[in-house]
Amino acid sequence: MSEQDERHPDDVQQHLREVQELLARHKVVEDLVHRQDMPRHELVENLVHKQHVAELQAKLDSLHPADIAYILEALPLEDRLFVWDLVKAERDGDILLEVSDAVRESLIETMDPHELKAAAETLDADELADLAPDLPPEVMLDVFQSLDSEEREQLRAAMSFPEESVGALMDFDMVTVREDVTLEVVLRYLRRFDELPDHTDKLFVIDREDHLKGILTLESLLINDPEMVVGEVMHKENVISFEPEDEADDAAQAFERYDLVSAPVIDAEKRVIGRLTVADVVDYIREESEHEILSHAGLREEEDIFASVWDSVKNRWAWLAINLVTAFIASRVIGAFEGSIEKLVALAALMPIVAGIGGNSGNQTVTMIVRAIAMGQVEQTAMQRLMRKEMGVAVVNGLVWGGLLGLLAWFLYGSASLGAVMTAAMTLNLLLAACAGVLIPMVRLRFGADPAMGGSVLITALTDSGGFFIFLGLATLFLL
């Protein structure tokens with residue numbers, strides 16, 4: 001089988017490698033031409049440059065905007081901006097929507113106001129609302145003034161809802177029909193479209209005042225007699241709909257639970273004002289997942305992997321400073337027991353084990369609690385029940401694994417007392433880790449903060465200082 005046969009047309013990694021190869025060849029040839037002392041140097045350089053640019057442009061033109069966005073995120077800044085300049089202007093808006101916030105900022109900084117305005121004008125109102133926070137105010141004002149009255153109202157509506165609400169995710173591109181028309185009329189109506197809105201699996205049935213009366217699935221439309229009336233075949237019962245103020249997390253869970261592709265969004269008077277699609281939900285879930293991962297590590301925001309040193313420092317310094325303080329506290333705990341460590345050197349070798357196992361256990365607990373909170377499975381009233389359960393797990397793990405480590409300590413150092421202290425310290429530190437793993441996210445949730453933010457940093461700090469203090473304290477009391 002040839003190399004070409006083995007390639008998958010949608011392999012974004014392959015697309016990235018091909019773009020990187022084209023960029024590398026372009027740089028190599030440019031470097032060689034610059035080094036040559038030959039006539040018509042500028043002509044040769046210009047021809048070679050145009051050839052490579054044409055190849056890159058042809059490659060980029062064949063890719064989906066999401067693939068181009070992935071490639072831009074994976075390139076160093078200089079190469080990223082070179083590739084960005086080769087993208088067709090009419091595709092700028094779609095690509096800006098797909099790239100991460102950090103990379104989008106680096107691209108927008110290089111664009112003139114008229115380029116930004118042209119890119120924004122290619123987007124629908126709901127897409128423009130996503131891009132609006134990153135655009136300069138003067139550009140946004142020009143774009144707003146260029147919209148018609150309906151698009152302005154849609155943009156105002158999309159931007160008026162909280163970021164993590166259904167209203168912020170919904171789009172306005174949908175197909176609605178009346179219940180008193182025949183399926184044949186609906187089919188003729190649909191044939192007038194150049195294409196249906198993405199992820200259209202159902203039509204929304206409304207009355208003259210846009211009130212939702214039911215849904216007509218494409219399956220029902222196709223398999224029933226064209227002479228039948230919409231009202232006879234539409235679904236009226238158990239129609240899942242959302243209001244714009246609903247939490248996006250709840251909507252995402254409903255999409256997963258009921259295998260939805262799209263769903264209507266209605267206002268307080270049950271008028272259809274938009275729809276929510278599985279694409280919107282998947283994007284939201286991905287963004288929330290990335291945010292949770294970053295928050296857990298103490299990062300304030302998504303970071304461009306090729307960002308400047310200063311930008312990366314600003315993103316990371318806060319929790320690193322907290323970590324420095326907690327590490328200093330842990331070192332002071334060890335310093336308080338210097339005399340004990342000098343008398344029993346085995347303590348120095350064993351104490352990192354107690355702290356390390358406690359930190360790992362605490363991170364397991366906090367990860368489970370944060371996930372349960374994100375899934376809507378945990379309320380504040382469940383704190384005591386969760387605490388009892390996690391402390392039970394900690395006691396069992398402490399006795400089992402702490403007992404095993406105690407036996408190993410006894411075997412290595414010939415001291416049954418040291419083994420007993422090891423078991424007790426392990427159990428107590430796991431109990432501390434369990435309490436912290438439950439309390440940290442639940443307390444942050446109670447005060448309206450992100451439950452995941454800095455969880456691993458705080459857990460590590462507590463189990464390190466606590467583990468050292470418990471182990472060295474017990475050793476001082478019972479072994480010396």
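Visitor: How many cavities of 30 Å³ or more does the structure hold?
Guide: There is one of that size. Please keep in mind that this is a predicted model.

Visitor: What makes a space a cavity rather than a pocket?
Guide: A cavity is a set of points where a 1.4 Å probe fits but cannot get out, whereas a pocket is an open set. The largest cavity here has about 40 Å³ of space.

Visitor: Which residues line the largest cavity?
Guide: The lining is made by Met 174, Val 175, Thr 200, Lys 202, Leu 203, Phe 204, Ser 262 and Arg 275. Strand 2 gives the most to this lining, with three residues.

Visitor: What does strand 2 pair with, and how do you know that the two count as paired?
Guide: Strand 2, residues 202–206, pairs with strand 3 in the antiparallel sense over five bridges. At least two bridges are needed for pairing, so five bridges meet the rule. Within this pair, Phe 204 stands opposite Ile 215 in strand 3.

Visitor: In what order do the strands of the open sheet lie?
Guide: Three strands form the open sheet, in the order 1-2-3, and their pairing is mixed.

Visitor: Why are strand 1 and strand 3 said to stand at the edges?
Guide: Strand 1 (176–178) and strand 3 (212–217) each have a single partner strand, so one side of each is left without a neighbour in the sheet. From one strand to the next, the twist averages 35 degrees.

Visitor: Which helix packs on the sheet?
Guide: Helix 13, residues 183–190, packs there and touches strand 1, strand 2 and strand 3. The direction of helix 13 makes about 150 degrees with that of strand 1.

Visitor: Where is Asp 201, and why is this residue called partly exposed?
Guide: Asp 201 lies in the loop between helix 13 and strand 2. Its relative accessibility is 24%. Buried means under 20% and exposed means over 50%, so Asp 201 falls in between and counts as partly exposed.

Visitor: What makes the pairing of Asp 201 with Ser 262 a polar contact?
Guide: The side chains of Asp 201 and Ser 262 are joined at 2.6 Å. The cut-off is 3.5 Å, so this distance is within the limit. Asp 201 also makes a side-chain polar contact with Lys 202, at 3.0 Å.

Visitor: Which residues is Asp 201 in contact with, leaving aside neighbours within four places in sequence?
Guide: Those are Thr 217, Leu 218, Val 261 and Ser 262.

Visitor: Why is Ser 220 called buried?
Guide: Ser 220, found in helix 14 (residues 218–223), has a relative accessible area of 11%. Buried means under 20%, so Ser 220 belongs in that class. Its side chain makes a polar contact of 2.9 Å with the side chain of Thr 217. Leaving aside neighbours within four places in sequence, Ser 220 is in contact with Leu 183, Val 233 and His 235.

Visitor: How do you know whether Asp 259 is buried or exposed?
Guide: The relative accessible area of Asp 259 is 65%. Exposed means over 50%, so Asp 259 is exposed. This residue lies in the loop between helix 16 (248–258) and strand 4 (262–266), and its phi is near 55 degrees, a positive value in a residue other than glycine.

Terms used. Residues numbered from 1 in each chain as written. Predicted model: local features only at pLDDT ≥ 70, side-chain atom pairs only at ≥ 80, totals over all residues. Heavy atoms only, no water. Helix = DSSP H or I, 4+ residues; strand = E, 2+ residues; numbered from the N terminus. Axes fitted to C-alpha atoms, helices over the stretch in contact; angles between N-to-C directions. Contact = heavy atoms within 4.5 Å. Buried < 20%, exposed > 50% of the residue type's maximum accessible area, 1.4 Å probe, protein only. Polar contact = N/O pair within 3.5 Å; in protein donor to acceptor, adjacent residues only side chain to side chain. 1 Å grid on protein atoms, 1.4 Å probe; cavity = no way out; pocket = protein on both sides within 12 Å on 5 of 7 lines; lining within 4 Å. Points joined across faces, edges and corners; volume = space filled by probe spheres on them.
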